[in-house]
Amino acid sequence: MPRPELMRMERSEMANQESRAGNVRETSHTPGKIEIRLPRPSDRLDQDAEHCSVRVSGEWQDIRFHDYDRIYRIPGLYEQLFHDILQCSSPDVIGKLLKEQLQERGFEPQSLRVLDLGAGNGLVGEQLHRLGPDLLVGVDIIPEAREAALRDRPGTYDSYHVADVTELSPALKAELTAARFNTLCCVAALGYADIPPAAFRAAFNLISDNGWIAFNIKDRFLSEDDTSGFAALIRRLREANVLELLTSERYQHRRNVNGEPLYYVALVGRKHRDIPEEFVR
């Protein structure tokens, strides 16, 4: 596995003005922007327990970061919270690494037939769309994700399906198989309860042999302390030559609510064969 390269990023203040009220702090507010309050820095929260308060129609609502359905219902909230305030860089990093590998190996981006797993509101799809792929299909288990993608980024995807890839209907399975995907992209969706190893396997196996696999995952889920199952799965994929890893990069995915960096690892490789079922048992 190539040695991960840590992206050096200067730590900066998350907001210019901060006021304390109860157990939250208010971010700087620009007219026309959504009012968002983050928990106090003294509160220690694991990433999957992070939350914020959002002012909607004059009322403050507490929203957990992993309650994506609620976040997607509010236009612009995802972008403002994760990208403007918490400085998420993953769509850019994955897009850059995939593009570099394509160029290095003389592979035309226009030949890509992409399955975007856990597509969300289309931020990653937007990056992929700029490459000019032959086909770009989004899949997410949350109906609000599709609604947000079509609302905010119309024309990005050739089609977008709301589905659990481990339980596809016969008709949708036939449609996705007929799409002849040669690229799988999955960003910021692995390791917690969103997309488990079995779902990653199901999507991986929809990709043709020698296809491209581009994804990221929290660095903790590649360590010996991993409880998600992905550390063992990825190690086994490489050892069995199911996945040939071409490049990887450890980088700052975003900041947490305390302003501290959260590190992920981005990986790009080539698929050599399907993942056997026993690999995810």
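This is a predicted model: local features need pLDDT of at least 70, side-chain atom pairs count only at pLDDT 80 or more; totals for chains, interfaces and linings use all residues.
Q: Which strands are included in what covers the buried residues of H3?
A: Buried means under 20% relative accessible area, with exposed over 50% and partly exposed in between, for a 1.4 Å probe and protein chains only; the buried residues of H3 include Val93, Ile94 and Leu97. Their cover, judged by contact (heavy atoms within 4.5 Å), includes helices H2 and H4 together with strands S9, S10, S11 and S12.

Q: Which strands stand at the edges of the open sheet?
A: Seven strands make up this open sheet, in the order S8-S7-S6-S9-S10-S12-S11 and with mixed pairing, where two strands pair if DSSP finds at least two bridges between them. Two of the strands have a single partner strand each, so one side of each is left without a neighbour in the sheet. These edge strands are S8 and S11.

Q: Which residue of S10 is the bridge partner of Thr183?
A: Strands S9 and S10 pair in the parallel sense over four bridges. In S10, the bridge partner of Thr183 is Trp212.

Q: Which residue lies over the face of Trp212?
A: A charge sits over a ring if NZ of Lys or CZ of Arg is within 6 Å of the ring centre and within 35 degrees of the ring normal. At 4.2 Å from the ring centre of Trp212, the residue over its face is Arg270.

Q: What kind of aromatic pair do Tyr157 and Tyr160 form?
A: The structure holds nine aromatic pairs, meaning rings of Phe, Tyr and Trp (its six-membered ring) with centres within 6.5 Å, called stacked when the planes are under 30 degrees apart, edge-to-face when over 60 and tilted for the rest. With 5.2 Å centre to centre and 90° between the planes, Tyr157 and Tyr160 are edge-to-face.

Q: Which helices hold Phe200 and Phe230?
A: The ring centres of Phe200 and Phe230 are 6.1 Å apart and their planes stand at 75°, so this pair is edge-to-face. The pair ties together parts 30 residues apart in sequence, because Phe200 and Phe230 lie respectively in helices H7 and H8.

Definitions and conventions. Residues are numbered from 1 along each chain as its sequence is written. Side-chain values use heavy atoms; hydrogens and water are left out.
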